[in-house]
Amino acid sequence: KIVLFILISFVPIQSSIAFTLNSVALGVPEGLSQSNLTSIVEDDDGYVWIGTLNGLNRYDGKKFQHYFPSERNELASAFIRSLYISQSGSMFVGTDKGLSVYDPLQDKITSSKALGFELNEAVWTIHEHQNNIFIGTENAIYIINELSNKMLSLKNKYNGDFGTVKNILFFKNKMFARSYSGNVYQFDEQVKLIAENVNATKVIKDELIVFKKSGTFIYNNES
């Protein structure tokens, strides 16, 4: 089940703030399409979107609405792997067989192929940087533009034996990607492996921090 926490109220008390949280547990009996969650985002309208192994779910605080592959909703697959809401408000839906985009004005899902960018690979992660959308698959990172008419345009592509791109981040105008196996790659003029067996990476106070089982390290570009 998924547990959602809702802020009910807050009351200033001297120098501190007291607040009350209310939680609700939601699962298949409450209307979730499937119990294994892969991703979750909240849009500007307050809807909570939940990706599962079988279906995309929209929760409005009371009930679920389900989205499955259909003539109207062109999901590449019901197996949702990743969700991302862009700065323009479009929701990118990564599945195990490709990419789709949700249009909130029409309450409709369109395949990326119909928008000008065909992708038939599993989409493991989606990231945005400087108005570019980065799509991480098993052995590639696609860089696309979302045009003013909502069409998609491929700008660049990096290929490599990445072993599934799990996370993408930017540090000092350079792209870094962590694979499912824990390899971290730096993308410049060439793709360079800079670390292995990494659990997570994060930019903190203008430093790229690398978290490993053996400890926490600061990445030094000169090393």
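**A loop residue and its surroundings**

Modeller: D107 is partly exposed, with a relative accessible area of 24%, where buried means under 20%, exposed means over 50% and partly exposed means in between, for a 1.4 Å probe and protein chains only. Before going further, note that this is a predicted model, in which local features need pLDDT of at least 70 and side-chain atom pairs count only at pLDDT 80 or more, while totals for chains, interfaces and linings use all residues. Residues are numbered from 1 along each chain as its sequence is written, and side-chain values use heavy atoms, with hydrogens and water left out.

D107 belongs to the loop between β9 (98-103) and β10; strands here are DSSP runs of E with at least two residues, helices are runs of H or I with at least four, and both are numbered from the N terminus. The backbone of D107 has a phi near 50 degrees, which is a positive value in a residue other than glycine.

Setting aside neighbours within four places in sequence, S112 is in contact, meaning heavy atoms within 4.5 Å, with L99, S100, F117, E118, L119 and L152.

A further loop, between β6 (64-67) and β7 (80-85), holds E74. At a relative accessible area of 31%, E74 is partly exposed. Apart from neighbours within four places in sequence, E74 is in contact with S100, I109, T110, S111 and A114. The side chain of E74 also reaches the backbone nitrogen of S111 at 2.9 Å; a polar contact is a pair of N or O atoms within 3.5 Å, of which, within protein, one must be able to donate a hydrogen and the other to accept it, with residues adjacent in sequence counted only if both atoms are side-chain atoms. E74 and V101 are 27 residues apart along the chain, and their C-alpha atoms are separated by 8.7 Å.

T125 has G136 as its bridge partner in β12. The hairpin formed by β11 and β12 leaves two residues between them, and Q130 in its turn has a positive phi of about 50 degrees. A positive phi, of about 80 degrees, is also found at T164, although T164 is not a glycine. T164 sits in the loop between β14 and β15 (165-171), and T164 is buried, with a relative accessible area of 10%.

Next come the aromatic side chains. The structure holds twelve aromatic pairs, where rings of Phe, Tyr and Trp (its six-membered ring) pair if their centres lie within 6.5 Å, and planes under 30 degrees apart count as stacked, over 60 as edge-to-face and the rest as tilted. In one of these pairs, the rings of Y158 and F187 have centres 5.0 Å apart and planes at 70 degrees, so the pair is edge-to-face. Because Y158 lies in strand β14 (residues 152-159) and F187 in strand β17 (residues 184-187), this pair ties together parts that are 29 residues apart in sequence. F187 counts as buried, at 4% relative accessibility. F176 and Y219 form an aromatic pair that is edge-to-face, with 5.6 Å centre to centre and 75 degrees between the planes. F176 lies in strand β16 (residues 174-179) and Y219 in the segment after β21 (215-218), so the pair ties together parts that are 43 residues apart in sequence. F176 and Y219 are both buried.

Y158 and F187 also belong to one aromatic cluster with F162 and Y185. F187 has V191 as its bridge partner in β18; β17 and strand β18 (residues 191-195) pair in the antiparallel sense over four bridges, and a hairpin joins them through three residues.

As for the whole protein chain, it has zero helices and 21 strands. Of its 223 residues, 41% count as buried.

How values were computed
Pairing = 2+ DSSP bridges.
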